[in-house]
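The sequence and structure come first, and the notes follow.

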Amino acid sequence: MADVLPTPLIASDDHLAHAGLIELAAGREIPCYESPERATAIRQGLLSTGDYALQPPDAHGPDAISAVHEVELIDLVEHVWTDAVADGWDAVRPLLPDTFMLRSYIGPMALAALPAGRHLRLGAYCFDTATPIVAGTANAARAAVDIALTAADRVLEGAPLAYGLCRPPGHHAGRNLIGGYCFFNNAAIVAQSIIDRGAQRVAILDVDFHHGNGTQQIFWQRDDVLYVSLHGDPGGIYPYFSGYAGERGEGRGEGANLNLPLAAGTDGEAYLAALNDGLDAIARFDPDGPLVLSLGFDTYHADPICNLALRTDDYARIGGRIGKLGVSVVALQEGGYAVDALGVNAVAFLGGLREGLRDR
Ligand code: SP5
Ligand code: ZN
């Protein structure tokens with residue numbers, strides 16, 4: 001067996017100040033599952049192997065974010081917290097929206113204005129009550145993008161694999177929308193950046209337990225970015241409104257979106273069968289840039305908010321199969337909430353990926 005170079009592990013501590021305390025699930029206050037301890041566990045697990053080289057992110061500036069998100073959304077993320085505090089809101093409690101500007105609210109009306117305070121219009125940009133904002137959120141969201149873009153840099157410089165320990169995650173964030181613990185869509189920003197650096201076709205494979213509604217929306221009408229997602233069947237699972245197999249993209253993008261919903265209790269064997277379909281679609285698409293991997297470990301059998309049944313060993317097989325595609329990989333952290341198992345699951349998945357890529 002030939003030795004494999006250490007895999008770049010891009011991480012920073014900027015996420016630590018993004019800690020939401022609570023979220024509202026069906027009106028019930030529960031602890032926020034998307035916690036700083038998640039990233040700490042993954043980082044410790046990976047570094048304990050000796051196979052990863054910890055590197056800080058390089059600052060990339062705002063352009064890559066505005067290539068994917070509306071300026072008004074970026075402005076909201078940057079300033080909503082300070083607007084709320086300036087208006088006298090309790091700076092100890094996290095901020096959640098309470099009034100939503102739904103399509104059915106607008107109906108045929110041409111609305112004339114929005115309130116100046118960004119905290120008062122948060123519900124025009126957020127689709128759930130489970131994405132708490134605190135003082136450190138904007139800085140953490142920007143840092144997660146820099147982490148993702150730095151991982152992409154390493155792969156474009158020649159590494160077969162780089163891992164971005166992004167927190168907050170990104171795949172639920174749309175062009176003008178936050179939600180699902182996500183603010184800026186790290187994977188979409190990386191895919192767009194790879195296109196902007198000259199690739200013709202980039203594939204995003206999303207193995208987080210949840211459908212990446214934001215990523216699907218951003219590339220819905222595009223034929224240069226293929227989005228393939230395996231996720232819990234939205235018929236019973238968040239985000240409920242998207243992720244069905246019939247969603248295939250539109251216009252030039254028709255056929256460049258593939259949803260593979262999975263039944264509750266899906267185990268490693270059934271997961272690998274669906275993954276094969278996804279990988280076949282990626283091979284047919286024939287990307288000429290690296291694969292962008294939205295990597296969640298919330299498919300784990302003991303995840304507290306999800307219902308698939310993957311085991312740690314399964315992650316090694318899944319990673320190995322993805323590596324055998326023979327395409328370099330920018331792996332970006334999304335979800336995964338069984339904190340005690342995140343370290344071993346990351347080691348198994350990325351270890352499998354390293355081996356699969358070595359044999360390519
Ligand atoms: C990145 C990511 O994984 N985002 C997921 C956001 C899910 N947020 C709401 C989940 C609602 C879960 N309902 C709790 C059921 C507990 N039995
Ligand atoms: Zn998830």
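## Largest pocket

In this predicted model, the lining of the largest pocket is made up of 12 nonpolar, nine polar and three charged residues. The space inside the largest pocket comes to about 850 Å³. It is lined by 24 residues, of which Leu102, Arg103, Phe127, Leu177 and Gln217 are the closest to its centre.

Two helices, α4 (103–106) and α7 (213–218), each contribute at least two residues to the lining of the largest pocket. The largest contribution is that of α7, which supplies four residues.

## Second largest pocket

The second largest pocket has about 540 Å³ of volume. Among its 28 lining residues, Glu23, Asp128, Ala130, Tyr238 and Tyr240 are the closest to the centre.

Strand β2 (residues 22–25) provides the largest share of the lining of the second largest pocket, with three residues. By type, the lining of this second largest pocket has 17 nonpolar, seven polar and four charged residues.

His210 and Asp298 bring together distant parts of the chain, being 88 residues apart. His210 sits in the loop between β6 (202–206) and α7, and Asp298 in the loop between β9 (291–295) and α9 (312–323). Both His210 and Asp298 are buried.

Note on methods:
Residues are numbered from 1 along each chain as its sequence is written. Chains are lettered from A and ligands numbered from 1 in the order in which they are written. This is a predicted model: local features need pLDDT of at least 70, side-chain atom pairs count only at pLDDT 80 or more; totals for chains, interfaces and linings use all residues. Side-chain values use heavy atoms; hydrogens and water are left out. On a 1 Å grid over the protein atoms alone, a cavity is a set of points where a 1.4 Å probe fits but cannot get out, and a pocket is an open set with protein on both sides within 12 Å along at least five of seven lines; lining residues have an atom within 4 Å of a point. Grid points are joined across faces, edges and corners, and a volume is the space filled by probe spheres set on the points. Ala, Val, Leu, Ile, Met, Phe, Trp, Tyr, Cys and Pro count as nonpolar, Asp, Glu, Lys and Arg as charged, and the others, Gly among them, as polar. Buried means under 20% relative accessible area, exposed over 50%, partly exposed in between (1.4 Å probe, protein chains only).
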